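Please read these remarks alongside the coordinates.

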Amino acid sequence: MGVAKMIAMAATLLTVPLTAPYLGAERFGLFMTLGAVPLFMSFSDFGIGNGLLTEFSKANGRDDFEEAHTLVSSAFFILLGISLLVAMLAGCVCLWVPWAHVLGVTSHDATVEAAPALFVFMVCIAINMPLSVVQNIQQGFQESYASNMWLALGNLLSLVLLLCFIHLRLGLPWLVAAIAGGPVISATSNWVTYFGWIRPSLAPRFGQIKFACMRLVLRTGLMIFTSQ
């Protein structure tokens, strides 16, 4: 876990000198503002991830594999529904809201790129929501080291993509895609590896959904969410 945090901190420190001269004042301000959004987006699943972790740990402690699998499937499809709503909301918000005016940018590049950059970021957040289920399962099995390893790889990938996109002289939406897309790629890889080879029997399945488990995850998650 310490290594993952060190890599994340190093990537952040390197990002500033790389992007500030390249983007200019206004676009760099947009870039850093979007970088702060994950602090708020951690609450975007309404505590469902924590609810899954809590109830999954209980089921695993009882060696109730059937309930554990049902909890995973139920939580995944709840988060998938939320992610689809977030993606559609992103399209509407970025299409109709005059973000250049809202954010107070005046330069041509910042005005043109503000809405696309926000859309890319929100879509990456949406994609990552259902993928986060695998991290909750790993924590439930006390395998947090695996989640941290994939997180560290995602941060490294983001830095590599950022360097490539700057070298290619691409715009702000591409740089946002680099920062937000690295964790998405690593989460997808974690998902495929975990459910494809390590624990395929726990892979979410639509037929495994139970509304009772959905309510249980939602109730526990909302309790944790409100306390946070």
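1. Ser 158 touches Ala 178, Ile 179, Gly 182 and Pro 183, leaving aside residues up to four places away in sequence. Note that this is a predicted model, and the contacts should be read as such.

2. Ser 158 lies in helix H9, which covers residues 144-167. The relative accessible area of Ser 158 is 4%, so this residue counts as buried, the cut-off being under 20%.

3. Helix H9 also packs against helix H8, residues 133-140. The angle between H8 and H9 is about 145°, and their axes are 7 Å apart.

4. On the H8 side, the residues that meet H9 are Gln 135, Gln 138 and Gln 139. Their counterparts in H9 are Ser 144, Ala 146 and Ser 147. By class, the contact of H8 with H9 holds five polar residues, one nonpolar and no charged.

5. How many disulfides does a search of the whole structure find? The search returns zero. Cys 92 is in no disulfide, and the nearest cysteine sulfur to that of Cys 92 belongs to Cys 94, 9.5 Å away.

6. Cys 124 is buried, with a relative accessible area of 12%.

Methods:
Residues numbered from 1 in each chain as written. Predicted model: local features only at pLDDT ≥ 70, side-chain atom pairs only at ≥ 80, totals over all residues. Heavy atoms only, no water. Helix = DSSP H or I, 4+ residues; strand = E, 2+ residues; numbered from the N terminus. Buried < 20%, exposed > 50% of the residue type's maximum accessible area, 1.4 Å probe, protein only. Contact = heavy atoms within 4.5 Å. Disulfide = S-S within 2.5 Å. Axes fitted to C-alpha atoms, helices over the stretch in contact; angles between N-to-C directions. Nonpolar A, V, L, I, M, F, W, Y, C, P; charged D, E, K, R; others polar.
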